[in-house]
Amino acid sequence: MHYELYIDSLFLLNFMMNLFLCLLVDRSTLRIASLWRLAAGAAVGAACALLPFLGGGRAALKLAVWTAVGTAGMLCITFRVRSLRMFLKLLERLLMCSLGMGGAMLFLIRLFPRIREGLASVPGILGMGGLFFLLFARLRDNPYADGQSLCRAVLRRKGRKLAVTALIDSGNSLFEPISGKPVCVVGRTVFEALWEGAQEGFRAVPYHSIGKSRGILPAYLLAELWVETGGMEYRFADVYVAVSDEEVSGAASAGAESVNMIINPRLFTERKRGGRAKRQNERRYDTESHDTGKDAIQDDSQG
């Protein structure tokens with residue numbers, strides 16, 4: 001039996017399907033991959049899918065080897081894999097997305113046998129892939145929207161680094177009133193270890209709590225925050241951190257002995273959506289290198 005193989009069509013088909021899968025995996029990781037990395041990873045996977053058709057040897061063995069190489073290369077290039085645990089977590093999500101999309105496409109082909117030939121063509125497969133990608137992409141992809149989740153956080157400021165146990169808590173709805181950025185909370189001990197009395201990037205953050213109608217927390221701009229949760233690592237720059245004189249609560253409900261930081265889950269939402277629209281009185285560059293304390297006081301007094 002003779003088959004004609006069109007390399008360009010096969011590459012395009014694999015590239016687009018890989019791109020759909022990488023985008024779905026990226027949504028499940030709260031979008032840690034850039035657009036060019038998504039495209040590069042999909043291209044590497046598509047290129048490896050062509051290699052089993054070149055040269056001699058056992059077809060099944062070559063297919064298995066190059067599929068494994070292409071999958072590993074695609075994940076490593078797209079998501080900057082830093083550990084085996086992260087790779088396995090990404091591989092698990094990729095396999096789930098692949099099975100989901102593949103099963104849905106096979107179901108659609110069997111559901112409409114009269115147009116099976118058209119659905120099994122390159123345009124048909126790409127059309128079904130795009131359709132199911134849009135459907136699956138509408139599923140909720142923020143696991144921290146409700147509830148609590150323990151994680152490891154690393155705070156970095158001016159050459160100093162501090163690793164703490166943190167809690168991603170939907171009960172934390174604090175935001176900085178001028179920029180609208182979500183605010184995390186740390187205890188006095190963590191603050192003194194990193195800031196050592198410095199006051200750069202000060203803001204006053206209003207809050208409401210049970211037993212106290214309202215109050216003000218001092219907040220400071222943290223240059224860099226790393227969060228490790230669910231096998232994934234997330235980096236955030238210029239994060240506002242409020243300082244509580246009381247012990248950070250939530251450890252008992254989360255099943256931990258001690259929690260040193262409460263992370264606002266909207267931090268992840270802001271990261272993937274590009275943040276809220278900036279207010280008119282916000283500075284253009286909201287970084288710790290600017291002395292924002294005076295502006296904050298002036299804006300609050302005018303409001």
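1. What share of the contacts in the chain with a separation of 6 or more comes from residues 24 or more positions apart? The share is 67%. Keep in mind that this is a predicted model.

2. Start with the overall make-up. The chain has 303 residues, and 43% of them count as buried. It holds 10 helices and seven strands. Its accessible surface comes to about 17100 Å². Carbon and sulfur atoms own 59% of that surface.

3. The largest nonpolar core has 61 residues. The members that touch the most other members are Leu 155, Trp 195, Leu 225, Phe 236, Met 261, Ile 263 and Phe 268. Helix H4 supplies the largest share of this core, with 10 residues.

4. Now look at the second largest pocket. Its space is about 510 Å³. It is lined by 20 residues, and those closest to its centre are Asn 14, Asn 18, Gly 45, Ala 49 and Thr 67. Helices H1, H2, H3 (59-79) and H4 (84-111) each give at least two residues to the lining. H3 gives the most, with six.

5. What classes of residue make up that lining? It has 13 nonpolar and seven polar residues. Charged residues are absent from it.

6. Thr 29 deserves a stop. It sits in the loop between helix H1 (7-28) and helix H2 (35-50). Setting aside neighbours within four places in sequence, Thr 29 is in contact with Phe 79, Leu 90, Arg 93, Met 232 and Tyr 234.

7. Check two backbone angles. Most residues other than glycine have a negative phi. Lys 158 is not a glycine, yet its phi is positive, at about 50 degrees. Lys 158 is in the loop between strand S1 (148-157) and strand S2 (160-169). It counts as exposed because its relative accessibility is 55%, and the cut-off is over 50%.

8. Asp 238 is the other case to check. Its phi is also positive, at about 55 degrees, and it is not a glycine. Asp 238 lies in strand S6, which covers residues 232-244.

Conventions:
Residues numbered from 1 in each chain as written. Predicted model: local features only at pLDDT ≥ 70, side-chain atom pairs only at ≥ 80, totals over all residues. Heavy atoms only, no water. Helix = DSSP H or I, 4+ residues; strand = E, 2+ residues; numbered from the N terminus. Contact = heavy atoms within 4.5 Å. 1 Å grid on protein atoms, 1.4 Å probe; cavity = no way out; pocket = protein on both sides within 12 Å on 5 of 7 lines; lining within 4 Å. Points joined across faces, edges and corners; volume = space filled by probe spheres on them. Nonpolar A, V, L, I, M, F, W, Y, C, P; charged D, E, K, R; others polar. Buried < 20%, exposed > 50% of the residue type's maximum accessible area, 1.4 Å probe, protein only. Areas by Shrake-Rupley, 256 points an atom, 1.4 Å probe, with all protein chains shown as cover. Core = buried A, V, L, I, M, F, W, Y, C linked by side-chain atoms within 4.5 Å.
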